[in-house]
Structure formats: C-alpha cells, structure tokens
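Colleague: I have a model open and would like to learn how to read it. Can we go through it feature by feature?

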Amino acid sequence: MSSVIQFVKSSKDFEAYLSKNKYLVANFTASWCGPCQQVKPIIDALYTDETNERIEIVRVDLDSQGDLASQYQVTSIPTFVFLENGKEVSRVTGANVPEFMKQFHTMKEKTANDETSTKRVGNGATSVSVSTSAWKEIADKIPKGFEILNGSIYFGEFEALNALPLYKGEEDSDVKNLFRLEYTKETSTVLSDADSQLLFYVPFTNISKVSSILLKLRKNNKTASDAELELDEEDLKSECQDPSLIKVWHNKHSIMSFDDASADTNAPHIEKITETNDEVWYECKLKFVRFQNVQSLNILIDGEDEDYHTLLDKVIFIGVNGESKEQAKILKLDDE
C-alpha cells in the first residue's frame with residue numbers, strides 16, 4: 001500500500017481503484033488550482049493517519065483526465081466525490097474543509113461498522129510490488145526496503161520520442177504500457193521508429209530515490225499469437241536489435257532533444273548494456289547518491305546499429321518513494 005496519495009493514470013486505472021476499494025474518495029484537482037493546493041496538506045495528513053486506512057483516496061488531474069471529469073460532471077475544483085461500492089454517495093465542491101471533514105468522518109463511521117470493509121489496497125498495482133506472479137521474476141533485483149516506483153509515474157506529462165508500440169491492438173497500442181505496472185500482458189513492447197534511438201521523459205508524482213532501472217530485453221523473436229504488428233515478421237527478425245546503451249538524466253523540466261542527449265558525454269548515468277546471456281532482465285544500477293531527490297527522468301536508449309530498430313519489452317524503476325512533489329513545494333514555502 002502506498003504511503004502517499006496516487007494520481008489516477010487512466011479511466012481503466014480508476015476502475016481498478018473502484019473495484020479493489022469499497023470506500024473511495026476521488027479528489028479532482030489541478031496543479032494550477034490555488035484552493036486545491038491549500039487543502040492538499042489536510043487531505044495528505046488524513047491519508048497517512050492509520051485510523052483511516054479503510055478509505056482509499058486518489059487524485060484525478062483535471063487536465064489529463066478530462067473524460068473522468070466529464071463522467072462525474074465535475075465543473076469546478078477542487079471537487080471530492082465520495083464513492084461506496086463504485087457508487088457516488090456524496091460530494092463536496094470547493095475548498096470547504098468543514099464539509100469535507102463531515103463527509104469523510106461519515107464514511108469512516110461506515111467502515112467501522114462494516115464487517116466487509118478492508119484496508120485500502122490501491123489499484124492492485126502500486127502496492128503489489130513483487131508479491132504477484134507477474135513481478136516475482138524480478139524479486140531478486142529489489143533490495144530489502146526498496147520498491148517498484150512505476151505506480152508513481154505521472155503519465156499526464158509523460159513524453160516519448162521516436163517510439164512506437166510493436167503491437168497494434170487498441171489496448172496494446174500505447175507506448176505508456178512499457179512503463180505501466182498494471183499492464184502485465186506481453187504486448188508492451190516498444191520499438192524505435194526512424195533510427196535506433198528511443199527517448200523518454202518520465203515525471204513522478206513523488207520525490208523519490210531511484211536505485212536502478214530494469215530493462216526487459218527480447219531474447220527471442222516470439223510474439224503474441226494472432227497479433228497485428230507494426231513490423232512484418234521478416235523485419236522483426238532481420239532489422240531489430242536489443243539496446244546497447246542507456247543514458248539517464250534527472251530533474252529536467254521537459255524532454256530533451258535527441259541532439260542534446262546524444263552529444264552529452266557527462267550525463268549523470270551512462271552505461272553500455274553488455275551481453276546478459278540468457279537473462280531477460282538487464283539491471284542498470286544507478287549511482288544512488290546522484291539520484292536521491294528525483295522528480296523526473298530523461299532516458300535515452302540506443303542500439304548498436306543506427307539503421308536497425310531497437311526493441312524494449314518493459315521498463316521498471318526500483319527505489320524508495322518519498323513525499324509528493326506538491327507537498328514538498330508547500331513545505332518549502334512555509335519554511336521561507
């Protein structure tokens with residue numbers, strides 16, 4: 001279970017939260033909304049209070065999750081929608097803290113008298129870590145006290161350059177699946193388009209410590225049966241390659257250009273990806289002291305032959321989740 005409130009990444013992600021948590025509060029918000037930021041520390045404090053652990057709270061960004069805002073007829077923010085068994089039971093509009101606390105405590109009393117209520121479990125992805133079969137294969141690469149950080153990726157500002165999904169299915173055709181922890185199908189493969197390079201901008205909702213990046217490589221050319229592919233079988237076998245180089249930068253405000261990324265010989269982390277025999281997962285261990293307060297990562301992946309497509313099956317971040325970025329901003333302003 002995450003110790004910080006997570007941002008919903010998609011409508012499907014929100015449905016996962018609803019299906020796994022009987023009692024849930026959806027906080028519709030935006031980074032530019034002053035009243036939202038004013039009440040945020042109060043909501044965060046409730047979330048970390050162990051007596052409230054039977055109520056899940058999620059944040060829904062108005063800018064990146066417009067469909068959900070329309071679905072719940074949210075016309076102003078902040079708006080708090082209280083849901084039980086997936087059904088709305090009440091809502092609070094505006095930064096009305098007394099009314100919010102009243103509705104929250106009403107829900108809390110329900111959980112106390114409900115024998116079927118359980119502790120919140122997130123969306124079944126951010127909290128599962130390596131305990132589920134999907135991620136047991138990387139358990140030996142996660143040190144004690146560390147966790148998978150992909151559940152804290154803020155996909156509203158995620159960017160990818162020269163990257164295409166290998167699979168064309170409606171659900172599969174999304175580059176973000178390469179990083180989504182809840183997407184456990186074998187169709188998350190991404191390939192470089194025009195040349196051998198891939199570039200990703202990965203922002204996090206939390207200020208985290210990142211210790212390693214796990215890259216799932218394609219050790220064979222097997223594909224999901226009856227799947228429609230971006231490449232034909234011949235090109236997949238003869239014009240594709242595994243990554244041979246990774247460069248990593250932290251805390252850039254946006255995605256870098258390929259020219260800048262390629263020319264930078266002093267990136268915080270540069271590593272040649274060596275032969276891994278039969279291992280599927282390549283472990284890129286970062287210099288932990290350099291990646292202590294990470295708010296975002298720029299990642300350049302390159303292959304040996306610039307004329308070939310570079311393929312990558314999955315990217316997993318390992319480290320320690322810290323405080324939310326907005327909470328850190330408020331604390332800094334208070335200190336000043």
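Colleague: Leaving aside neighbours within four places in sequence, which residues is Thr 118 in contact with?

Modeller: This is a predicted model, so read every value as computed. Thr 118 is in contact with Glu 53 and Arg 54, once neighbours within four places in sequence are set aside. Glu 53 sits 65 residues away from Thr 118 along the chain. Their C-alpha atoms are separated by 8.3 Å.

Colleague: Where is the place of Thr 118?

Modeller: In a loop. That loop runs between helix H4 (97–112) and strand S6.

Colleague: Now the strands. How do I read pairing in general?

Modeller: Strands of a sheet pair through backbone hydrogen bonds, and the pairing is either parallel or antiparallel. Take strand S17, residues 314–320. S10, residues 198–216, pairs with S17 in the antiparallel sense over seven bridges. Within that pairing, Leu 214 stands opposite Ile 316 of S17.

Colleague: How many bridges join S6 to S17?

Modeller: Two, and the strands run antiparallel. S6 covers residues 147–148. Glu 147 has Gly 319 of S17 as its bridge partner.

Colleague: Why is S17 called largely enclosed by the rest of the structure?

Modeller: Count its buried residues. Six of the seven residues in S17 are buried, so the strand is largely enclosed by the rest of the structure.

Colleague: What about the open sheet of four strands: what is its order?

Modeller: The order is S8-S9-S16-S11, and the pairing is mixed. To find the edges, look for strands that pair on one side only. Here those are S8 (163–165) and S11 (240–241). S11 is joined to S16, residues 309–312, by two bridges, and these two strands run parallel. Gln 241 has Thr 310 of S16 as its bridge partner.

Colleague: Next, the core. What is the general idea?

Modeller: In soluble globular proteins, nonpolar side chains tend to be buried together. In this model, the largest nonpolar core has 31 residues. The residues with the most contacts inside that core are Phe 179, Phe 200, Ile 213, Leu 215 and Phe 317. S10, S12 (243–250), S14 (281–285), S15 (294–303) and S17 each give two or more residues to this core. The largest share comes from S10, with seven residues.

Colleague: Ile 77 brings me to the backbone. What is the peptide bond from Ile 77 to Pro 78, cis or trans?

Modeller: Check omega. For the bond from Ile 77 to Pro 78, omega is near 0°, and the bond is cis. Pro 78 is placed in the loop between helix H3 (66–71) and strand S4 (79–84).

Colleague: Last, the cysteines. How many disulfides does the structure hold?

Modeller: One. The disulfide joins Cys 33 to Cys 36, with an S to S distance of 2.4 Å.

Colleague: Why is this disulfide of Cys 33 and Cys 36 called right-handed?

Modeller: Look at the torsion about the S-S bond. For Cys 33 and Cys 36 the torsion is about 80°, so the disulfide is right-handed.

Colleague: Is Cys 33 buried or exposed?

Modeller: Cys 33 is buried, with a relative accessible area of 5%. Cys 36 is buried at 4%. Cys 240 is buried too, at 16%. Cys 284 has 0% relative accessibility and counts as buried.

Definitions and conventions: Residues numbered from 1 in each chain as written. Predicted model: local features only at pLDDT ≥ 70, side-chain atom pairs only at ≥ 80, totals over all residues. Heavy atoms only, no water. Buried < 20%, exposed > 50% of the residue type's maximum accessible area, 1.4 Å probe, protein only. Pairing = 2+ DSSP bridges. Core = buried A, V, L, I, M, F, W, Y, C linked by side-chain atoms within 4.5 Å. Contact = heavy atoms within 4.5 Å. Disulfide = S-S within 2.5 Å.
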